[in-house]
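Visitor: I would like to learn how to read this structure feature by feature. Please give me the general idea each time, and then the case at hand.

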Amino acid sequence: RYLDAKGEPANLSHLHCGQLLFAELTVTSAVTRVVNDLVIQDLFPAACEPVLGKLDTKLYPWVERETGSWVMRSDTRDDRILLFSKKFMVQHRKAYQYLYPLRVVSPGTFTVPGLSIEAMYAPEIHAVTAPTRVTVSSGN
């Protein structure tokens, strides 16, 4: 899901250029199990670019919540982020989250590709989310 600068769910049909969004990725499991070598690929909407570097947590204090302790490494590229997990115990229906910022940079209507997750050495562990759409105006 996408959150606005206040940590509230963003209205994806009414974004504007210059707006800061936070992508919140959530991993859950129907069973308790040990997993390792998960790879998550999240393609950015064409309207967005990654925000690199540290954010001022005084402006976004809600960002301080626990996120990403299960992630071993992340690789942010121009059009996507790749996450690689540590070996960890996924508890039944517990949410494991990772949060990262994006800046809205282009007006128009865009498709948000679905996120994919898979275990590199356990092909039975995989999922893909459905794509969605975003609409961006050039002004506030």
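Visitor: In which strand is the place of Ser85?

Guide: Some conventions come before the answer. This is a predicted model, in which local features need pLDDT of at least 70 and side-chain atom pairs count only at pLDDT 80 or more, while totals for chains, interfaces and linings use all residues. Residues are numbered from 1 along each chain as its sequence is written, and side-chain values use heavy atoms, with hydrogens and water left out. Helices (H or I, at least four residues) and strands (E, at least two) are DSSP runs, numbered from the N terminus. Ser85 belongs to strand β8, residues 80–85.

Visitor: Is Ser85 buried or exposed?

Guide: Buried means under 20% relative accessible area, exposed over 50%, and partly exposed in between, with a 1.4 Å probe and protein chains only. Ser85 has a relative accessible area of 2%, so the residue is buried.

Visitor: What does the side chain of Ser85 reach, and with which residues is Ser85 in contact?

Guide: A polar contact is a pair of N or O atoms within 3.5 Å; within protein, one must be able to donate a hydrogen and the other to accept it, and residues adjacent in sequence count only if both atoms are side-chain atoms. The side chain of Ser85 reaches the backbone nitrogen of Leu38 at 3.0 Å. Contact in the wider sense means heavy atoms within 4.5 Å. Leaving aside neighbours within four places in sequence, the contacts of Ser85 are Asn36, Asp37, Leu38, Trp70, Val71 and Met72.

Visitor: Where is Asp37 found, and what is its phi?

Guide: Asp37 is in the loop between β4 and β5. Its phi is near 60°, a positive value in a residue other than glycine. Asp37 is partly exposed, at 21% relative accessible area. Arg93, also not a glycine, has a positive phi of about 60°. Arg93 lies in the loop between β9 and β10 and is exposed, with a relative accessible area of 66%.

Visitor: In what order do the four strands of the open sheet run?

Guide: Strands of a sheet pair through backbone hydrogen bonds, either parallel or antiparallel. Two strands count as paired if DSSP finds at least two bridges between them. Here the order is β1-β3-β10-β6, with antiparallel pairing. β1 (2–3) and β6 (48–50) stand at the edges with a single partner strand each, so one side of each has no neighbour in the sheet. Between β3 (residues 20–27) and β10 (residues 96–104), the antiparallel pairing runs over eight bridges. Phe22 stands opposite Pro101 in β10.

Visitor: How many aromatic pairs does a search of the whole structure find?

Guide: Rings of Phe, Tyr and Trp (its six-membered ring) pair if their centres lie within 6.5 Å; planes under 30 degrees apart count as stacked, over 60 as edge-to-face and the rest as tilted. The search finds four pairs. One of them is formed by Phe44 and Tyr100, tilted, at 5.9 Å centre to centre with 50° between the planes. That pair links distant parts of the chain, 56 residues apart: Phe44 is in the loop between β5 (38–43) and β6, and Tyr100 is in strand β10.

Visitor: Why is the pair of Tyr98 and Tyr100 tilted?

Guide: The planes of Tyr98 and Tyr100 are at 40° and the ring centres 6.4 Å apart, so this pair is tilted. Ring pairs link Phe44, Tyr98 and Tyr100 into a cluster. Phe44 is buried at 6% relative accessible area, Tyr100 is buried at 6%, and Tyr98 is buried at 15%.

Visitor: Which residues does Val90 touch?

Guide: Not counting residues up to four places away in sequence, Val90 touches Ser29, Val31, Thr32, Arg33, Val35 and Tyr96. Val90 is in strand β9, residues 88–90, and is buried at 3% relative accessibility. Its C-alpha lies 7.4 Å from that of Thr28, 62 residues away in sequence.

Visitor: Is Met89 buried or partly exposed?

Guide: Met89, also found in strand β9, has 39% relative accessibility and therefore counts as partly exposed. With neighbours within four places left aside, Met89 is in contact with Thr32, Arg33, Val34 and Tyr96.
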